[in-house]
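Good morning, colleagues. Please look at the sequence and the model on the screen while I describe how its parts are arranged.

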Amino acid sequence: MRGPYRRVVTTRVVVAAARLRAVAPAASVMASTVAAWTGPRQRDIEEKLTAALQPTHLDVVNESHGRREDESHFFACVISDAFEKKKPLERHRMVMAVLSENGALPFHALRIAAKTPTEWAANGAVPAAPKCAGGDGRGMLR
């Protein structure tokens, strides 16, 4: 598609995404904007985190920028009492330990928001996802 119409459509999508990030204080709001399709890897992540950390709130979002069936990039918002008195790095390590297989993730990227229920009640905001600088999760660059 060429001409000014393409620029208008692109701008609207970027502005809409920026508004969503500014308005969405909780990961559950972001998750509701994603299609209802859930793949096997996403279900596996949800099951493992639920079993290991007994979260009071859990959102796992497929953020893959290719086809969503690729299941290469994920966001996990985990709210659990298991994070009490743990530093953010320790919390991330706990999540990574649950999902790692032989010391590595079975997918390309994982963005984590790990909070206690008290922290979540006080501030349910999560930072927006940065643009991925790597490949598409299949060993190929974009």
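In what order do the three strands of the open sheet lie? The order is S1-S2-S3, and the pairing is mixed. Strands here are DSSP runs of E with at least two residues, helices are runs of H or I with at least four, and both are numbered from the N terminus. Two strands pair if DSSP finds at least two bridges between them.

Before I continue, a word on the source. This is a predicted model, in which local features need pLDDT of at least 70 and side-chain atom pairs count only at pLDDT 80 or more, while totals for chains, interfaces and linings use all residues. Residues are numbered from 1 along each chain as its sequence is written, and side-chain values use heavy atoms, leaving out hydrogens and water.

Strand S2 (residues 73–79) runs parallel to S3, and seven bridges join them. Within that pairing, Phe74 has Leu110 in S3 as its bridge partner.

Phe74 also takes part in the one aromatic pair found in a search of the whole structure. Its partner is Phe107, and the pair is edge-to-face, at 5.1 Å centre to centre with 70° between the planes. For this term, ring centres of Phe, Tyr or Trp (its six-membered ring) must lie within 6.5 Å; planes under 30 degrees apart count as stacked, over 60 as edge-to-face and the rest as tilted. Because Phe74 is in S2 and Phe107 is in the loop between H4 and S3, the pair ties together parts 33 residues apart in sequence.

I now turn to the helices. Helix H3 (residues 40–53) packs with helix H4 (residues 88–99) at an angle of about 120°, their axes being 9 Å apart. Axes are lines fitted to C-alpha atoms, for helices over the stretch in contact, and angles run from 0 to 180 degrees between N-to-C directions. In the contact (heavy atoms within 4.5 Å), residues including Ile45 and Leu49 of H3 meet residues of H4, among them Met94 and Val98. Finally, H4 lies across S2 and S3, running at about 130° to S3.
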